Amino acid sequence: MEVMQMNRTWYRSGEALLQEIEQTVVDEQEIAFWYLGQCGFVYKGAVTVYIDVMLNDHFDASGNSKRFYPAPFSPEQVQADYVICTHNHADHLAVETVNGIAKGDSHTRFIIPASCCSVLTDIGIPTERIIPMHAKQTLYLPNLSISAVSTAHPVHQKDQNGYDFSLGFHLDMNGIQLLHLGDTYLTQQLIKDLLTLPTPHIFFPPINGQDYFRTARNCIGNLNFNEAAQLAGILHADLTVPTHFDMFFGNTADPLEFARTFMQYNSSAKWHIPSLGERFIYRR
């Protein structure tokens, strides 16, 4: 069901949001996160990580913005240790956003599927700032470890070098396990791979689903709210935060449907529907 998000506005944005991200300090058993729309989040522990953020506009063939709400701030204002992109689609690896972040903060490094490296080098980002990842790889960085799994968008697909086009990422920050799927359909392989990872404290699944009309428009879908809710139970996630439901007309979902379904399958677990620019602090 299409949801008309006509009045979606920011709880906090601009300099106020940037200052809150910069000034937030969490202890060794906490992380903070902020929702930046679509699949975009900021995660902050001992390091600051931006994942799947789109901080630029997006236009249709007539030059009209396709976004329901503007970006909260410009990419050049981002201060991040790492930027993660799950795959090469404009709302996940947004070239204008990535390029702006790279120019605005010279120490930021970019963690991406190995299949996407040329996208970054083609816009002038040097290879020493790019960290390519492969499915079933775990990377250990200062104050952050990150593991990758193959995701199906819409199938598990590799390039000519055998590199997956689309990855989901499991992050360990301050001992808190975060699982961010990016975009994916639900497959037996995905469930099997996710069950090899540590149990997520926080699970971030897409919920916008798929249907004939989106497929006809070459709009690849995702898990629907029912699949996301049941998968959270299979993984025994402590907190589930739905994503990918509110930015573009023709590709939305009702997060309240997710919440109702989630409570049927996971009566003892938690869920949270984030507001745009809201800070959430999770403590283990």
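Which residues have the most contacts inside the largest nonpolar core? I started my notebook with that one.

**Ground rules.** I am reading a predicted model, where local features need pLDDT of at least 70, side-chain atom pairs count only at pLDDT 80 or more, and totals for chains, interfaces and linings use all residues. Residues are numbered from 1 along each chain as its sequence is written, and side-chain values use heavy atoms, with hydrogens and water left out.

**Core.** I found Tyr 43, Tyr 50 and Leu 171 at the top of a core of 83 residues. A nonpolar core is a set of buried Ala, Val, Leu, Ile, Met, Phe, Trp, Tyr and Cys residues joined through side-chain atoms within 4.5 Å; buried means under 20% relative accessible area, exposed over 50%, partly exposed in between (1.4 Å probe, protein chains only). Strand S1 (residues 30-37) gives the most to this core, six residues. Helices (H or I, at least four residues) and strands (E, at least two) are DSSP runs, numbered from the N terminus.

**Leu 171.** I looked up its contacts (heavy atoms within 4.5 Å). Leaving out residues up to four places away in sequence, Leu 171 touches, among others, Tyr 43, Ile 84 and Leu 178.

**Helix H1.** Which residues of H1 (residues 14-23) are buried? I noted Leu 17, Leu 18, Glu 20 and Ile 21. They sit on the same side of H1 because their arc around the axis is only 160 degrees, taken from the directions from the helix axis to the C-beta atoms. The face turned away carries exposed Glu 22 and Gln 23. The buried residues of H1 pack against S1, S2 (40-44), S3 (48-51) and S14 (279-283).
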